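Hello,

Here is the structure for you to take over. My notes on its cavities follow.

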Amino acid sequence: MNSSPPPYPPARTVDAFEDVAGVRVPDPYRWLEPETDEVQRWQRRQAELATSTAYDGQDPAAVRKLIETYDAGSRPALPRFAAGRWFRAVNAPGAAAPSVVVADRPFGAGRPVVDLTAFGDGQNPAFLSWLAPSPNGRVLALGVCTDGSEHNTVRLIEVDSGRVLDGAPRQVLHSAWAGGVSWLPDSSGFFFLALTGSPHEFRQAVYRHRLATRDSAGSTVVEPIPVGEGSQEYTLVQFSADGRWVVASHRVGSPVPVAVRDLSRPATPWRPFVTDCAGTVAGHIVGDRYIAVTDVAAPRGRVVALPLDAADPNDPASWTELVPEGETVLRSLSPVGDHLYLSEFDRTCARVRILDRSGAVTGEVPLPGQGALSAPFFALTGLAVGSPPDDFVFAFSTLTSSWGVYRHRPGEADIETLSAPAVTLDADVTFERAVALDGVEIPYHVVRPAGSDPTQPAPTLISAYGAANVPLLPQYQPEMAAFVAAGGVLVQAHLRGGGEFGRDWYLAAHRERKHVRDRDLIAVAEHLIATGLTTPERLALTGGSDGGLMCGVALTTRPELWCAVLPMAPLLDLIGGTRDPYLDFVIRKAWADPDDPAEVRRLLRLSPYQLVGPGVFPAIYLQAGATDPRCPPWHARKFAARLQAAQEGNAPILLHVFDNAGHGAATSYEVATAQDAEWLAFLIRALGLGRQEASG
């Protein structure tokens, strides 16, 4: 990419060590962790260098235009239903923040309820993290974030007048992962999960908020739910439609209904429900039963019913099986009127079957292609459905067509298009497989520009994740579509550790087997090279968050495989992460026990920052957010400094920490567009694609 590396801002080293369970680990760039003036100056110089290098020889406006063209329709904003009306966010062109409108139809013109511009802090626009109308449709609860961090606070709006109501809870929600708020069926208040102290401390509790009335002031108190694992975990409260039952579901990636309460008996406290279960039991209250998708005794999932008054709900023998395990992977249930819509994966592609309330399959939704439904990142968030409508309204996309929104009415043969896809990518998609070291086939999708020569090695980008039981689905991603439009070949690899193929696939690369994910990635890369699709000189890799850690391992252990590597919002220092309360929580769940010296030594073999040594590295572009609460920017700063000092080749090691950006879920459109454009410019330059130049 360069005949000589660019001049990096100087990065001193310090004589610092981290002691974890008696294992002493050098940490020469510890000074880059705090947000000091020195660090901020260094970070700004790194950002300036990254921007100038990425755009060298290209027109930034032309690259941005490419991103904007393929960004159309890329962020589906599904409306929320309540009391016969639909509420949705609208992003008007040029507006600093979205507004919320209410209409009689899912995408009707309707009327404005509130403009979020009023909630900005003067410097940063307000970002809508979530919205939840009360069941009677009179009050709208919003989660508002102003710094990109995902930390948000509740705002309450009177729907008819648009008036901002006093007395909203003051607690800060760590994210939208627990669905925002769960309204009581009588609309008198709601439950919500929020931080009990500062965001850095990362302690959470479920709160109960009562709305102010003419006769009483509003109130917010901690709800004493027996959740078992402690207050750091995520918990979401679900109500039955008739208001009798309430269930608390616990754990963000593999939720289970840990507590239940019969509200028809006001004096009856919460009682434990499913408390001894390592798997997933994720569903909804239907009458006097909890109907759920579970992977207990069924790695690909089955649908079961648990009586809410069961004597021993921990015993799977007491569960009634409604839909047995099959060849597809069952993912989630959506209540729709008197039906349940069952979402499944068939070789990663979406399938939706329709169940009646008894659990009998009555039909299937005719989806508009081979692709994916829009769904929350984690299974717990998907349980926050509010007031179920009588129709199934869903967003759907493919690897080559952007998001459309559709409606299916139970009993009808066809679907109705509410919002058609705005973009169609001229490309061909194939489904291939590599073979891992242990003989397991690792599937991947290939998206190739139409008309390209399949006999010639192509500039190729692998995108992968493989972690946390989260599925990487064949859905539209605007920055990836722009890369293909620029002439690149996209490979979406489905590595073990993800949720695409069920619980066994996830656990095969979990905790002590995390290294399996990294080996799967190498198997895919080597297969692409062996089959002639690409060469190491034309192969790039990207991934975000845990996928950023995957990138860090790949570039430090197999640097010769890659032309360029782009870790996004990355986790890179597992040892230092044990000092951060949130990351310590995550590391204990997904990687190892930091109190065990043997486990710490295993962490060292997976931690990219500690894996860096002198060598010849590919071109690297690290992108992070200054307000990221999950993978703080110091991970990328320390890794970049160590790589820049260790680089014995000529390829650049670039770092850009974007202001007012977090982990991605609450980053504004303007900042996200700038991030994607610079990312793409770097790839175009690294892989030798057609330069984007100003026209006219």
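β22 gives the largest share of the lining of the largest cavity, three residues. Strands here are DSSP runs (E, at least two residues), numbered from the N terminus. β22 (329-336) and β19 (289-294) each supply at least two residues of that lining.

This is a predicted model, where local features need pLDDT of at least 70 and side-chain atom pairs count only at pLDDT 80 or more, while totals for chains, interfaces and linings use all residues. Residues are numbered from 1 along each chain as its sequence is written, and side-chain values use heavy atoms, with hydrogens and water left out.

A cavity is a set of points, on a 1 Å grid over the protein atoms alone, where a 1.4 Å probe fits but cannot get out; lining residues have an atom within 4 Å of a point. Points are joined across faces, edges and corners, and a volume is the space filled by probe spheres set on them.

The count is four cavities of 30 Å³ or more. Nonpolar means Ala, Val, Leu, Ile, Met, Phe, Trp, Tyr, Cys and Pro; charged means Asp, Glu, Lys and Arg; the others, Gly among them, are polar.

The second largest cavity has a volume of about 50 Å³. Its lining residues include Phe191, Phe192 and Val206. β10 (181-183), β11 (189-195) and β14 (235-239) each supply at least two residues of this lining, which has eight nonpolar, three polar and no charged residues.

Regards

How values were computed. 1 Å grid on protein atoms, 1.4 Å probe; cavity = no way out; pocket = protein on both sides within 12 Å on 5 of 7 lines; lining within 4 Å. Helix = DSSP H or I, 4+ residues; strand = E, 2+ residues; numbered from the N terminus.
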